[in-house]
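Thanks for making the time this morning. I would like to walk through one structure with you, taking a pocket, then the ligand, and then the annotated spans.

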Amino acid sequence: MSKLIIAGGTGFLGTVITSYFKDAFDEIVLLSRKQKKLENHCRTVIWDGKTIGPWTSELDDAEVLINMAGKSVDCRYHSKNKALILNSRIDSTKVLGEAIGLCKKPPKVWLNSSTATIYRHSLDKEMDEETGEIGTGFSVSVAKAWEKAFFGSETPHTRKVALRTAIVLGKDGGALQPMINITKLGLGGKQGSGHQKFSWIHKDDFVQIIDFCIKNDTLSGAINVVSPHPSDNKTVMQLLRKTLNIPFGIPSNKTLLEIGAFLINTETELLLKSRNVIPKRLLKQGYTFTHDDLEMALKELVS
Ligand SMILES: NC(=O)c1ccc[n+]([C@@H]2O[C@H](COP(=O)([O-])OP(=O)(O)OC[C@H]3O[C@@H](n4cnc5c(N)ncnc54)[C@H](OP(=O)(O)O)[C@@H]3O)[C@@H](O)[C@H]2O)c1
């Protein structure tokens, strides 16, 4: 019996992963804070994302553990939300490490979510896993603490891969739908200077890369899960308008974005940070991207 465990598997990316692997495993178990009825050989097991409990036994004899748990970063960064964003990632990662330590037959591989936001704001230099420079600020400090908790746990029989993932473009969740919505409202012009780089990954590549990491025994450590060609904000918005047949898009300067972000309960950092990240390790290992052209990817997702 092969078993896949996905902690935080009920969200956008967990659903993408579950759907891709539904025929590849005999059993798929989602660790969630709420019970959810699932189809076929998938089931939910309750955990709280921070303490050892009956869920722990599910990990024994599982082939693969994937952790996607974490409070959404699409919110205002006041102190309560900041603590939730940080703690939900650190606590879930730490307790999974403890649970692996209790297993007689621990999972062979553990893939933990991380973020391409770990690198500094960069307009010019491309950030790869070897020479990329780690940034500063709240989101970077979360990413650093997240990876520290992940790599800090002792799991001698479990290979570990941190997925430094860029903005995942998909149909049923994530950042793309809000971008489509503002474009349809005629507000899809450049945001800020428009020069900020936009690292992205199509949902199909996201999940194929997870598969690649599971099958490739030599891969461990941090991997940039990003398409090989970062775009920039001005180009992304242009391509979205073109794809959606919207003839104009009013640009938003930083002040307007600050007001808008406050009104819709989010942060401008999500739009204005220049994420200039490339998948050096994946390319070196021979991963072939299905979607490396942003215009084609948007066409496929918007159609
Ligand atoms: N989407 C992207 O473009 C993107 C890009 C880079 C990195 N990531 C990272 O990838 C992970 C998954 O992203 P996603 O887009 O799938 O997010 P999502 O849709 O918000 O799902 C996150 C999952 O985390 C669980 N969760 C939320 N708050 C929690 C808490 N306090 N304690 C324990 N579990 C909690 C939820 O599970 P239950 O409510 O069922 O417990 C939910 O299923 C996140 O850590 C995110 O930061 C995402």
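Before I name any residues, let me say what I mean by a pocket: on a 1 Å grid over the protein atoms alone, it is an open set of points with protein on both sides within 12 Å along at least five of seven lines, and a residue counts as lining when one of its atoms is within 4 Å of a point. Please also keep in mind throughout that this is a predicted model.

With that in hand, take the second largest pocket, which holds about 230 Å³ of space and is lined by 13 residues. Those that lie nearest its centre are Thr18, Ser19, Leu38, Glu39 and Cys42. Which element gives the most to this lining? The answer is helix H1, residues 12-21, which supplies three residues. If we sort the lining of this second largest pocket by class, we find seven polar residues, three nonpolar ones and three charged ones.

Let me turn now to the ligand, which has 21 residues around it, and of these the closest are Thr10, Leu13, Ser32, Lys34 and Arg89. Ser32 places a polar side-chain atom 2.6 Å from an oxygen atom of the ligand, while in the side chain of Arg33 an N or O atom is 2.8 Å from a ligand oxygen. How much of the ligand does the protein bury? Taken alone the ligand exposes 890 Å², and the protein buries 83% of that. The elements giving two or more residues to the shell around it are H1, helix H2 (79-101), strand S5 (109-115) and strand S7 (167-169). By class, that shell has nine polar, eight nonpolar and four charged residues.

For the annotated spans, an unreviewed UniProt entry gives "domain: NAD-dependent epimerase/dehydratase" at residues 5-217, a span that in this model is 33% helix and 19% strand, with its end C-alpha atoms 18 Å apart. UniProt also places "domain: DUF1731", again from an unreviewed entry, at residues 263-301, and there the chain is 46% helix and 0% strand, with end C-alpha atoms 28 Å apart.

I will finish with helix H7, residues 254-263, at the start of which a side-chain oxygen of Asn253 reaches to within 3.2 Å of the backbone nitrogen of Thr255. Just after H7 comes Asn265, which takes a positive phi of about 60°.

Definitions and conventions:
Residues numbered from 1 in each chain as written. Predicted model: local features only at pLDDT ≥ 70, side-chain atom pairs only at ≥ 80, totals over all residues. Heavy atoms only, no water. UniProt positions renumbered as here; feature names shortened; annotations may be inferred. Helix = DSSP H or I, 4+ residues; strand = E, 2+ residues; numbered from the N terminus. 1 Å grid on protein atoms, 1.4 Å probe; cavity = no way out; pocket = protein on both sides within 12 Å on 5 of 7 lines; lining within 4 Å. Points joined across faces, edges and corners; volume = space filled by probe spheres on them. Nonpolar A, V, L, I, M, F, W, Y, C, P; charged D, E, K, R; others polar. Near = heavy atom within 4 Å. Polar contact = N/O pair within 3.5 Å; in protein donor to acceptor, adjacent residues only side chain to side chain. Areas by Shrake-Rupley, 256 points an atom, 1.4 Å probe, with all protein chains shown as cover.
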